[in-house]
Amino acid sequence: MKEFMMIFSGADYTDLGLSPEEMQSRMGKWFAWGDKMEKSGVLRGGNALTPSIRRVIGPNRTVTDLTSAEVKEIVGGYYLVSARDFDHVQEIAQDFPDYDLNGTVEIREIMVFDQ
Amino acid sequence: MELLKSEKLWFLTNKEPIKPQLIDHLFRHHYGKMVSVLTRIFGLSHLEIIEDAIQDTFIKATISWKNTPPEYPEAWLTQAAKNRVLDIFRKLKAERKRIPHIQSGMEAIAIHDLFLDSEIEDSQLRMIFTACHPELAPQDRIAFALKTVSGFSIKEIASALLTKEDTIKKRLTRARAVIKSKAIVFQIPQGNALPERLESVMEVLYLIFNEGFHSNKKDILIRKELCAEAMRLCKMLFKNKETTTTAAYALFALMCFHAARIDSKTSIDNELLDLRHQDRSLWYFPLVKIGDDAMHKAVDNESYSCYHYEAAIAAEHLKARTFEETNWQAILKWYRLLYDLQPIPIHLLNMAVVELQDGRHSESYTLLQQLQPESLGQRAYLYYGTLTEYYIQRKDFPKAIEHIDKAISLVTNQLEKKYLEKKRLSLLI
């Protein structure tokens, strides 16, 4: 088994004007997905990120504070899973709840260094 | 190292991980509660800031719950709303707006108490009375109530009422402007003012229910949601002694009786079915029972409202096991009493329909002749539909077709139009 990271990006919920009812139904889907991954034993961890961004860039270490409204896409969170290969993670990612909001799942393999 | 790992992954080792069961519509209902409470603290003039702040708490919930779902989601949301109180204070201060004085500890306790269940209910009732204030235009009342009390988004209101989002936005803006310009106070009216204001509240709830019950929206879920929401709001009236009236019970009973039939109103392919063709086995009798109980409370005194008679009529339909067993005489009696109380043309038309169902053509025709179709407004097509039925029973088919054509040309509801067209076709065969 290898470890992979699923990185979620897309529009922030704040900027989509979701209704309380819609947000609740999304929560239900996130819970169900988390549950499913736990039960099948693939879930290794994860975090959600707040939408505030501080960006430090360039040789001058220029600092910019951004809000989600100022960037097109924002990384909203990630999950760590253990899986056989990319295809396996792709299968897991089928239940990601926010595809209909044009959300993206980026799958990356955790690099393991052999000595 | 191994220990550290297992601690981090507590949710894998925990035998019974906490899985919050989100009650249906928890967010939506909570939104209404919290907006009402915060409005009580800060006043109606800050409604927009309050609505945004509550919306923020839900956003926050969706982010933080993904990893650590709270054991008591509702308590979490309430706490989040409480925390927002300070944020709003800061925001109002920064904008140099008038803010309520909260300095002493007593007042802070008072704010805390406003989040108790009974006080939340009181705040929500205040919001209902605000939304249904006679100073607001009738259409604006519905939109405003669905937004602030029921926690519907503009998109959801537009979709439920078959209206454009822009129209709903305008209605909400207008409602807020009227509340400001007329300095409407956030309270449950007392004394002499109460009966009239309560009348207005019941009318709005009745309209919301009808929007759901008579909508031609394909999506039965949305129709049911509107009906359920009207019933939920109606039930809130029973949380306060002053607003628990026999008329309110009658209105609630009426809603139960109608709602019990909602599944049988349309066929599987969303074709409108009349009472004769409805599958009565689909009627939901637990709801009829609740309506019955409410009706018993509604007849506690002798003063009957139009809701009493409408509920009685709905109950007569439910009593009949088959269409043929319908007690048309009883229904006619209720309609006459209803018309005495509320002499509006539509009741007269319904009486004509009932007479016709019972095979009394000439009585029906006499009633129809008292009617000006124009006086029925958008429902003028029903007048021609009834005349069609009259001519069918008289076997005067050319006249029947002539009138059904008029009905078809006037009807706006697509489901009803299809129903009439199908009937027209059957006349040609």
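In chain B, two helices meet along a row of residues: B:Thr246, B:Tyr249, B:Ala250, B:Phe252, B:Ala253, B:Cys256, B:Phe257 and B:Ala259 of α13(B) touch B:Leu287, B:Val288, B:Ile290, B:Gly291, B:Ala294, B:Met295, B:Lys297 and B:Ala298 of α14(B). Contact here means C-beta atoms, placed from the backbone, within 7 Å. Helices are DSSP runs of H or I with at least four residues, numbered from the N terminus.

This is a predicted model, in which local features need pLDDT of at least 70 and side-chain atom pairs count only at pLDDT 80 or more, while totals for chains, interfaces and linings use all residues. Residues are numbered from 1 along each chain as its sequence is written, and chains are lettered from A and ligands numbered from 1 in the order in which they are written.

How do the two partners lie? The axes of α13(B) (residues 246-259) and α14(B) (residues 285-298), lines fitted to C-alpha atoms over the stretch in contact, come within 8 Å and cross at roughly 160 degrees. That makes the pair roughly antiparallel (an angle over 145 degrees between N-to-C directions).

Now turn to α10(B), residues 165-181. Its buried residues (20 or more other C-beta atoms within 10 Å of their own) are B:Ile168, B:Arg171, B:Leu172, B:Ala175 and B:Ile179. Seen down the axis, they fall within an arc of 95 degrees, taken from the directions from the axis to the C-beta atoms, so they line one face of the helix. That buried set packs against α7, α8 and α9 of chain B. The face turned away carries exposed residues (12 or fewer such atoms), namely B:Asp166, B:Thr173, B:Ala177, B:Lys180 and B:Ser181.

Methods:
Expected span 1.5 Å × (residues − 1). Axes fitted to C-alpha atoms, helices over the stretch in contact; angles between N-to-C directions. Parallel < 35°, antiparallel > 145°, perpendicular 65-115°, else oblique.
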